[in-house]
Amino acid sequence: STNEGREFSAITRYDIESGEMTTVKEADYDLGGIDLCGEGGQFMVYTENVDGFETLHIDKDGEATGLDLSFLPEGQYATSCSMETSKVAIRAGGWRTPGDVYVLDLESGAHTQVFASNYAGLDPDRLIRPESIRMMARDGVELQGLLYLPDDSSRQSDSAPPVIFIVHGGPTGQSVASFDAVVQYHLDRGLAVFEPNVRGSTGFGRTYVTLDDQKKRRDSVRDLIDMLAALEEDGRVDTSRAAVVGGSYGGYMVNAVLALYPDAFDAGASLFGVGNWVTALQIASPGLKASDRIEYGDIREQEWVDYYTENSPVALADQIKVPVLYSHGVMDPRIDIYETEIMVKTLRENGIEAPYVRIPDEGHGWRKLKNQLYYFRRQADFLEEQLTAAEE
């Protein structure tokens with residue numbers, strides 16, 4: 001699967017001897033997850049990513065098999081097979097499915113579920129499906145995001161619910177229709193959730209990924225404001241009570257949007273995010289520095305040191321005027337804990353409420369259940385407190 005010479009990743013045959021490449025399958029969306037199954041690889045299994053929802057395709061000798069795959073839950077798929085059997089294992093995970101496993105016979109179409117998700121007592125019918133929404137940025141770029149709305153049993157009133165923007169990391173990542181316990185937790189407490197795929201996200205073409213590179217980074221921050229305006233016009237959420245949350249690069253986006261657009265959101269939660277790009281880029285591993293030069297510029301050059309000295313969130317932090325919940329793992333190998341602590345220190349010196357959760361036994365994200373249970377309850381309480389205050 002490659003997007004060489006095209007916008008979206010296509011399935012391509014590469015001839016090792018001649019070096020020639022031939023397009024096998026192409027679409028207006030990314031194709032990937034390729035597996036060759038059955039004798040001689042006569043079956044090809046692959047996925048198509050449409051706005052974060054995947055479709056599983058199965059071809060035989062280059063033609064669609066027409067197998068009924070309606071038994072698969074909606075979401076994301078991963079497959080495993082060999083050229084010695086016509087059977088393929090399919091792992092399916094989605095907004096209502098933490099992870100089921102099926103075995104499908106590609107010849108007969110017969111399937112068996114061999115593993116079912118453990119919901120630990122939760123009712124899967126109460127989990128909320130996201131809706132893909134597209135909107136235009138002020139400069140004409142089409143943006144996309146996933147909107148989750150709480151159901152009637154979770155709403156606190158008949159009015160439109162407050163909304164939490166949850167920004168993905170990366171920045172070359174994508175918010176998709178996968179199982180997310182934190183999103184469903186906020187929904188069950190009566191808040192809407194919007195997961196934006198600002199410019200720079202994957203899944204929307206090769207050009208789109210490059211639109212936030214280097215000195216275009218603020219354009220992606222501005223996308224959050226244009227998306228907030230689009231949701232206000234939509235009317236299904238109360239954008240006058242809005243918070244923004246993100247981890248890693250998403251944590252940077254929280255810091256940046258609250259500084260550059262201080263009147264847009266009522267609160268934020270930045271998890272292990274970047275506060276100072278100069279230090280963050282300078283201490284990155286050699287492997288990350290190589291890709292960082294494409295995304296952010298070469299921090300070894302004075303031009304970029306000067307640029308990020310002026311444009312990092314910590315340099316703009318005096319413009320932040322809403323409460324922000326910060327958190328970081330002491331053992332984080334990707335983003336040093338200094339990046340969070342310098343933001344906490346700066347905001348507190350400016351008289352801004354900046355509670356800080358410092359977790360000694362975590363790295364880049366929360367892996368331990370006890371830490372997840374503690375932190376995400378704390379996050380929900382904090383955001384609800386701030387959004388209730390905004391209503392008053």
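The questions and answers below go through confidence, aromatic rings, one aspartate and the cavities of a predicted model.

Residues are numbered from 1 along each chain as its sequence is written. In this predicted model local features need pLDDT of at least 70, side-chain atom pairs count only at pLDDT 80 or more, totals for chains, interfaces and linings use all residues, and side-chain values use heavy atoms, with hydrogens and water left out.

Trainee: In which element of the chain is confidence lowest?
Mentor: pLDDT is the predictor's confidence in each residue, from 0 to 100, and the chain has a mean of 94, with 99% of its residues at 70 or more. Helices (H or I, at least four residues) and strands (E, at least two) are DSSP runs, numbered from the N terminus. Confidence is highest in strand 14 (residues 192-197), at 98, while the lowest mean, 84, belongs to helix 6 (residues 286-296).

Trainee: Are the rings of Trp277 and Tyr296 stacked, edge-to-face or tilted?
Mentor: Rings of Phe, Tyr and Trp (its six-membered ring) pair if their centres lie within 6.5 Å, and planes under 30 degrees apart count as stacked, over 60 as edge-to-face and the rest as tilted. By this rule the count is 16 aromatic pairs. For Trp277 and Tyr296 the centres are 4.5 Å apart and the planes stand at 35 degrees, so this pair is tilted.

Trainee: How many residues apart in sequence are the parts that this pair ties together?
Mentor: Ring pairs link Trp277 and Tyr296 into a cluster that also includes Tyr249, Tyr252 and Trp304. Trp277 lies in helix 5 (residues 277-282) and Tyr296 in helix 6, so the parts tied together are separated in sequence by 19 residues.

Trainee: Is Asp223 buried or exposed?
Mentor: Asp223 belongs to helix 3 (residues 217-234), and, leaving aside neighbours within four places in sequence, Asp223 is in contact (heavy atoms within 4.5 Å) with Ala137, Leu143, Val198 and Arg199. Buried means under 20% relative accessible area, exposed over 50%, and partly exposed in between (1.4 Å probe, protein chains only). The relative accessibility of Asp223 is 0%, so this residue counts as buried.

Trainee: Which elements give two or more residues to the lining of the largest cavity?
Mentor: On a 1 Å grid over the protein atoms alone, a cavity is a set of points where a 1.4 Å probe fits but cannot get out, and lining residues have an atom within 4 Å of a point. The whole structure has two cavities of 30 Å³ or more, and the largest cavity holds about 80 Å³ of space. Its lining residues include Gln214, Arg218, Tyr252, Tyr308 and Pro313. The elements asked for are helix 3, helix 4 (249-260), helix 7 (302-311) and helix 8 (313-316).

How values were computed
On a 1 Å grid over the protein atoms alone, a cavity is a set of points where a 1.4 Å probe fits but cannot get out, and a pocket is an open set with protein on both sides within 12 Å along at least five of seven lines; lining residues have an atom within 4 Å of a point. Grid points are joined across faces, edges and corners, and a volume is the space filled by probe spheres set on the points.
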